[in-house]
Amino acid sequence: MTVMFDLIIAIEIGMILAMVLFVKRMIESTDFQLITHQYFEEQADESFGEDMPTVMNKNTVVYEITGPLFFGVAQAFLDVLNELHTDTKTLILKLTHVPHMDATAYQSLVSIKKKM
């Protein structure tokens, strides 16, 4: 870019490309997984302890989120949760493996709380 354009323009284009690639990488590294009854039967999950069998029923949905929650992931997060059935009365979000969360993801959690 510096050969064809000015150095300032080349730096700006490089910064924009770096930002786009960063958001793409963050979206790819975040995973939303629906946890089912079978999950708790197959492997012991110590984060919920012995109370999990009493919490899990047909009106309860548990999602485990792994990876950072940034502005690029917030909409995908809302899309996943919009697929919840109308008979869902309890939503449990397991955020044990979420190292970072920005304000947009926090606002998504607040809107989910208001919806539920």
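Met1, Val3, Met4, Phe5 and Ile9 make a nonpolar surface patch of about 570 Å². Such patches consist of residues with over 30% relative accessible area and no salt bridge, with nonpolar side chains (Val, Leu, Ile, Met, Phe, Trp, Tyr) joined within 5 Å and like charges within 9 Å. Accessible areas come from the Shrake-Rupley method with a 1.4 Å probe, and for residues only the protein chains shown count as cover. Ile9 lies in helix H1 (residues 7-29) and is partly exposed, with a relative accessible area of 37%. Here, buried means under 20% relative accessible area, exposed means over 50%, and partly exposed lies in between.

The model is predicted: local features need pLDDT of at least 70 and side-chain atom pairs count only at pLDDT 80 or more, while totals for chains, interfaces and linings use all residues. Residues are numbered from 1 along each chain as its sequence is written, and side-chain values use heavy atoms, leaving out hydrogens and water.

Strand E2 (60-66) pairs with two other strands, as the table shows. Helices (H or I, at least four residues) and strands (E, at least two) are DSSP runs numbered from the N terminus, and two strands pair if DSSP finds at least two bridges between them.

| Strands | Bridges | Direction |
|---|---|---|
| E1 (residues 31-35) and E2 | Five bridges | antiparallel |
| E2 and E3 (residues 90-97) | Six bridges | parallel |

Gln33 stands opposite Glu64 in E2, and Thr60 has Thr90 in E3 as its bridge partner. Six of the seven residues of E2 are buried, so this strand is largely enclosed by the rest of the structure. Val62 belongs to E2 and counts as buried, at 0% relative accessibility. The C-alpha atoms of Val62 and Thr90 are separated by 8.4 Å, although the two residues are 28 apart along the chain.

The structure holds one salt bridge, defined as a side-chain nitrogen of Lys or Arg within 4 Å of a carboxyl oxygen of Asp or Glu. Lys94 forms it with Glu64, and the closest N and O atoms are 3.7 Å apart. This pair links distant parts of the chain, with Lys94 in strand E3 and Glu64 in strand E2, 30 residues apart. Both Lys94 and Glu64 are buried.

The largest nonpolar core has 13 residues, of which Phe32, Ile65, Leu69, Phe77, Leu81 and Leu91 touch the most other members. Strand E2, helix H4 (71-82) and helix H5 (103-115) each give two or more residues to this core. A nonpolar core is a set of buried Ala, Val, Leu, Ile, Met, Phe, Trp, Tyr and Cys residues joined through side-chain atoms within 4.5 Å.

How values were computed:
Buried < 20%, exposed > 50% of the residue type's maximum accessible area, 1.4 Å probe, protein only.
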